[in-house]
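Biologist: I would like to learn how to read a protein model, one feature at a time. Please give me the general idea, then the case at hand.

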Amino acid sequence: HYLPLLLFAQKFRIRILGLHPSEEEVEIVKLYGLSANNGSSSPPIIRGVRTDDREHAEDFRRVAAHQMSLSDFGGCVEAMEAAIARQYEVQCFREEYMAE
């Protein structure tokens with residue numbers, strides 16, 4: 001996905017900075033989700049993260065489900081689905097943070 005962008009930047013000598021969220025920010029999203037404010041009255045950790053791309057979400061869920069075992073969640077399908085949903089939020093957070 002990034003190769004065309006990087007090649008364009010190289011061709012026109014445009015400097016690109018690779019950014020990623022801190023582990024602390026990622027941990028907050030892992031624990032509390034994208035609307036996380038870490039128990040304070042502060043705004044969410046980042047605004048505008050889209051999680052409504054159906055194809056992207058389905059691809060993520062398919063891969064994540066193969067990497068997990070239902071037994072890890074005591075056989076509870078809902079718990080496994082909740083874990084996958086939270087991991088998807090983390091993935092979208094990372095992607096959006098790098099895009100800002």
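Biologist: What should I know before starting?

Modeller: This is a predicted model, in which local features need pLDDT of at least 70 and side-chain atom pairs count only at pLDDT 80 or more, while totals for chains, interfaces and linings use all residues. Residues are numbered from 1 along each chain as its sequence is written, and side-chain values use heavy atoms, with hydrogens and water left out.

Biologist: What pLDDT does the protein average, and where is confidence lowest and highest?

Modeller: pLDDT is the predictor's confidence in each residue, from 0 to 100. The protein averages 85, and 87% of the residues score at least 70. Confidence is lowest in H1, at a mean of 87, and highest in H3, at 94.

Biologist: How many helices and strands does the protein have?

Modeller: Helices (H or I, at least four residues) and strands (E, at least two) are DSSP runs, numbered from the N terminus. Here there are four helices and zero strands. Along the sequence the pattern reads α-α-α-α.

Biologist: What share of the contacts joins residues 24 or more positions apart?

Modeller: A contact means heavy atoms within 4.5 Å. Counting contacts with a separation of 6 or more, 57% are between residues 24 or more positions apart. Glu 58 belongs to helix H3.

Biologist: What share of the residues is buried?

Modeller: Buried means under 20% relative accessible area, exposed means over 50%, and partly exposed is in between (1.4 Å probe, protein chains only). Of the 100 residues in the protein, 21% are buried. Accessible areas come from the Shrake-Rupley method with a 1.4 Å probe, and for residues only the protein chains shown count as cover. The accessible surface of the protein is about 7,700 Å², and carbon and sulfur atoms hold 53% of this area.

Biologist: Which residues are buried in helix H2?

Modeller: Helix H2 (residues 23-32) has Val 26, Ile 28 and Val 29 as buried residues. They are on the same side of H2, because they cover an arc of only 155° around the axis. The arc is that of the directions from the helix axis to the C-beta atoms. On the face turned away from the buried side, H2 carries the exposed residues Glu 23, Glu 24 and Leu 31. Just after H2 comes Gly 33, with a positive phi of about 90°.

Biologist: Which residue has a positive phi although it is not a glycine?

Modeller: That is Arg 13, with a phi of about 55°. Arg 13 sits in the loop between H1 and H2. Its relative accessible area is 78%, so Arg 13 is exposed.

Biologist: How many salt bridges does the structure hold?

Modeller: Side chains of opposite charge can pair when their charged atoms come close. A salt bridge is a side-chain nitrogen of Lys or Arg within 4 Å of a carboxyl oxygen of Asp or Glu. The structure holds four. One of them joins Arg 50 and Asp 52, at 2.9 Å from N to O. Arg 50 is exposed at 58% relative accessibility, and Asp 52 is exposed at 55%.

Biologist: Where do Arg 62 and Asp 59 lie?

Modeller: Both are in helix H3 (residues 54-67), three residues apart, about one turn of the helix. Arg 62 is partly exposed at 47%, and Asp 59 is partly exposed at 33%.

Biologist: How far apart are the closest N and O atoms of Glu 89 and Arg 86?

Modeller: In this salt bridge they are 3.4 Å apart. Glu 89 and Arg 86 are three residues apart in helix H4 (residues 77-99), so about one helical turn separates them. Glu 89 is partly exposed at 23%, and Arg 86 is partly exposed at 28%.

Biologist: Which residues make the nonpolar surface patch?

Modeller: Patches are made of residues with over 30% relative accessible area and no salt bridge; like charges are joined within 9 Å, and nonpolar side chains (Val, Leu, Ile, Met, Phe, Trp, Tyr) within 5 Å. This patch covers about 790 Å² and is made by Tyr 2, Leu 5, Leu 6, Phe 8, Phe 12, Ile 14, Ile 16 and Met 98. Helix H1 (residues 3-11) gives the largest share, three residues. Leu 6 lies in helix H1 and is partly exposed, with a relative accessible area of 43%.
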